[in-house]
Amino acid sequence: SPRVVVAGETLIDFLPNSEGPLSGVESFTRRAGGAPANVAVALAHLDETPRFWTRIGEDPFGDFLEDTLRKRGVPTDHVERDPVAKTTLAFVAHDEDAERGFSFYRDETADTRMQPGGLADEDLEGAEWVHVGGVTLADEPSREATFDLMRRAREAGATVSFDPNARPELWETFDYVGSMREAFGLADVVKATPEDLAAFDVSGDPSELAHAILDEGPHTALLTLGGDGSLAATSDGSPWTSDLSVVEHGGYEVTPVDTTGAGDAFTAGVIAALVGDEPLSEVLAFANAVAAVTTTAAGAMTALPDREAVRAFREEQS
Ligand code: ATP
């Protein structure tokens, strides 16, 4: 059975075919997305095929997503099809500062209806790693389903990782910061960006932000810094503690075409390297390489590298 379990939303990203506010965008390109789905597919490309639990509608968009997951090597045994609720849609637009904004069609859609226990204890047997994200925490019952999975994964002895994936548009019912704190408390490893932590009452350089995460309970905090790479901070409880409390890697020079999903590719790289018992410095170098390659084509799932492509990319860069 797979060593890694991933759970959370699979959705459609409609990427704008022109710049400017959403009201002026006439046509979009349909892409499979959802951060956990991106992580699952990226792991499959790295020969660390996970068990992936998600929920999509019994609708044509759901058909497309299930088909995409299967074609990209993710087994669909735990892809639930909701007979009533639709698949989540997210329309993306870029404002004047090229900042990405989302308009979500996610009211009681299929992924918000993931139920506690949807992945049984026997499905967690043998799992060394369980990864979830923040989007399913924004609504019930997927919120309780996500927390419940984190708790049971801990009890089963798996390493639990969490990515906040801040999407302010989604947080209408629950408090984002409070929810993140609760999730951090259930996680061993948190991967975040400085933007994910913007609403927190912490400031400072990336290393200070990482330590603010450790204060909430995880033993390992990873921050991604776009073109500047990433860093990892560990506390004493971490199995991967090095002599340094902070390990950094400055990333690679690429000409990015589309950074959507780069963070998810990074997460997959981290998980694949850590279940393989690589040291933290190698984990960051590997994950930055996976993420950098992913930015070189449009779409989160288009340019995902396999291990050989990562090796070749790193050789060419050195
Ligand atoms: P997204 O939300 O779009 O998936 P993110 O905001 O979560 O991405 P970033 O910090 O932007 O994550 O990027 C994740 C990783 O991708 C970085 O740590 C780095 O390894 C790689 N990366 C991103 N942008 C670039 C870039 N311009 N050049 C090289 N590598 C990049």
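**View 1. The contacts of Arg143.** In this predicted model, Arg143 touches Thr136, Leu137, Trp171, Phe174, Ser179 and Glu182, leaving aside residues up to four places away in sequence. Arg143 belongs to helix α4, which covers residues 142-155.

**View 2. Arg143 and its polar partner Ser179.** The side chains of these two residues are joined by a polar contact of 2.9 Å. Ser179 is also among the residues that Arg143 touches. Is Arg143 buried or exposed? Its relative accessible area is 10%. Buried means under 20%, so Arg143 counts as buried.

**View 3. An open sheet of 4 strands.** The strand order is β3-β2-β6-β7, and the pairing is mixed. Which strands stand at the edges? They are β3 (28-33) and β7 (100-105). Each has a single partner strand, so one side of each lacks a neighbour in the sheet. Neighbouring strands are turned against each other by 25 degrees on average, direction ignored.

**View 4. Strands β2 and β6, side by side in the sheet order.** Strand β2 spans residues 11-16, and strand β6 spans residues 89-94. The two run parallel. How many bridges join them? There are 3. Ile12 has its bridge partner in β6: Leu89.

**View 5. Helix α2 on the sheet.** Helix α2 is formed by residues 60-71 and packs on this sheet. Which strands does helix α2 touch? They are β2, β3 and β6. The direction of helix α2 makes about 55 degrees with that of β3. Strand β3 is also one of the edge strands.

Conventions: Residues numbered from 1 in each chain as written. Predicted model: local features only at pLDDT ≥ 70, side-chain atom pairs only at ≥ 80, totals over all residues. Heavy atoms only, no water. Pairing = 2+ DSSP bridges. Axes fitted to C-alpha atoms, helices over the stretch in contact; angles between N-to-C directions. Contact = heavy atoms within 4.5 Å. Buried < 20%, exposed > 50% of the residue type's maximum accessible area, 1.4 Å probe, protein only. Polar contact = N/O pair within 3.5 Å; in protein donor to acceptor, adjacent residues only side chain to side chain.
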